[in-house]
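Trainee: I have a new structure to read. Please show me how to go through it step by step.

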Amino acid sequence: MLPGGNKDFQDACSTMQVPKTGVFFTTVGSQEVMLSRDRQGEIVAFSGFCTHSFGRLEGGEIEEGEITCPHHGARFDTRTGRSKSACPNLPKFDVRIEGRRVLVRPDR
Ligand code: FES
């Protein structure tokens with residue numbers, strides 16, 4: 001448990017691991033997490049599972065702010081999690097920055 005009332009947040013990675021463009025994948029608890037930066041450069045976190053049929057997005061092609069799921073080609077905006085196809089948007093997770101660590105709360 002982290003101090004300061006952050007008990008639901010879990011350490012995900014260093015701020016340095018989240019690129020200015022592109023994404024960084026990690027696991028927080030049992031949740032696959034995709035971290036990226038929004039248009040303001042703030043770190044944001046989304047489920048790393050595709051909303052089509054829950055394949056892992058890791059390894060998907062990334063181009064111009066979009067990731068294409070490697071399984072059946074669903075596309076998502078890496079900055080907002082918004083779906084670019086018929087699938088639902090990626091679930092977004094709360095993020096806190098403490099020093100150089102990125103904390104994520106994978107379940108609301
Ligand atoms: S699991 Fe991602 S497109 Fe099917």
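Mentor: Start with one pair of residues. In S8, the bridge partner of Phe46 is Lys92. Strands here are DSSP runs of E with at least two residues, and helices are runs of H or I with at least four, both numbered from the N terminus.

Trainee: What should I know about the model before going further?

Mentor: This is a predicted model: local features need pLDDT of at least 70, side-chain atom pairs count only at pLDDT 80 or more, and totals for chains, interfaces and linings use all residues. Residues are numbered from 1 along each chain as its sequence is written, and side-chain values use heavy atoms, with hydrogens and water left out.

Trainee: How many bridges pair S4 with S8, and in which sense?

Mentor: The general idea comes first. Strands of a sheet pair through backbone hydrogen bonds, either parallel or antiparallel. Two strands count as paired if DSSP finds at least two bridges between them. Strand S4 (residues 43-47) and strand S8 (residues 92-98) have two bridges and pair in the antiparallel sense. Ala45 also faces a residue in S8, namely Phe93.

Trainee: What is the strand order in the open sheet of six strands?

Mentor: The order is S1-S9-S8-S4-S3-S2, and the pairing is antiparallel. Strand S1 (10-14) and strand S2 (24-28) are the edge strands, each pairing on one side only. Neighbouring strands are turned by 35 degrees against each other on average, direction ignored. For such angles, axes are lines fitted to C-alpha atoms (for helices over the stretch in contact), and values run from 0 to 180 degrees between N-to-C directions.

Trainee: How many bridges join S8 to S9?

Mentor: Five bridges join them, and the two strands run antiparallel. In S9, Arg105 stands opposite Asp94. S8 and S9 form a hairpin with two residues between them. Gly99 sits in that turn, with a positive phi of about 65 degrees.

Trainee: Which strands make up the open sheet of three strands?

Mentor: Its order is S5-S6-S7, again with antiparallel pairing. Strand S5 (61-63) and strand S7 (75-77) stand at the edges with a single partner strand each, so one side of each has no neighbour in the sheet. The twist averages 25 degrees from one strand to the next. Three bridges pair S5 with strand S6 (residues 66-68). Ile62 stands opposite Ile67 in S6.

Trainee: Is Phe54 buried or exposed?

Mentor: Use the cut-offs: buried means under 20% relative accessible area, exposed over 50%, and partly exposed in between (1.4 Å probe, protein chains only). Phe54 has 59% relative accessibility, so Phe54 counts as exposed. Glu64 is exposed too, at 74%.

Trainee: How many disulfides are there?

Mentor: A disulfide is a pair of cysteine sulfur atoms within 2.5 Å. By this rule the count is zero. For Cys87, the nearest cysteine sulfur is that of Cys50, 5.3 Å away. Cys87 is buried at 15% relative accessible area, and Cys69 is buried at 4%.

Trainee: What lies 2.7 Å from the backbone oxygen of Cys87?

Mentor: A polar atom of the Ser83 side chain does. Ser83 is in the loop between S7 and S8 and counts as buried at 13% relative accessibility. Contact means heavy atoms within 4.5 Å. Leaving aside neighbours within four places in sequence, Ser83 is in contact with Arg75, Phe76, Pro88 and Asn89.

Trainee: Where is Pro106 placed?

Mentor: Pro106 is in the segment after strand S9 (101-105). Pro106 counts as buried, at 7% relative accessibility. Beyond neighbours within four places in sequence, its contacts are Asp8, Gln10, Val28, Gln31 and Phe93. Val28 is 78 residues away along the chain, but the two C-alpha atoms are separated by 7.1 Å.

Terms used: Polar contact = N/O pair within 3.5 Å; in protein donor to acceptor, adjacent residues only side chain to side chain.
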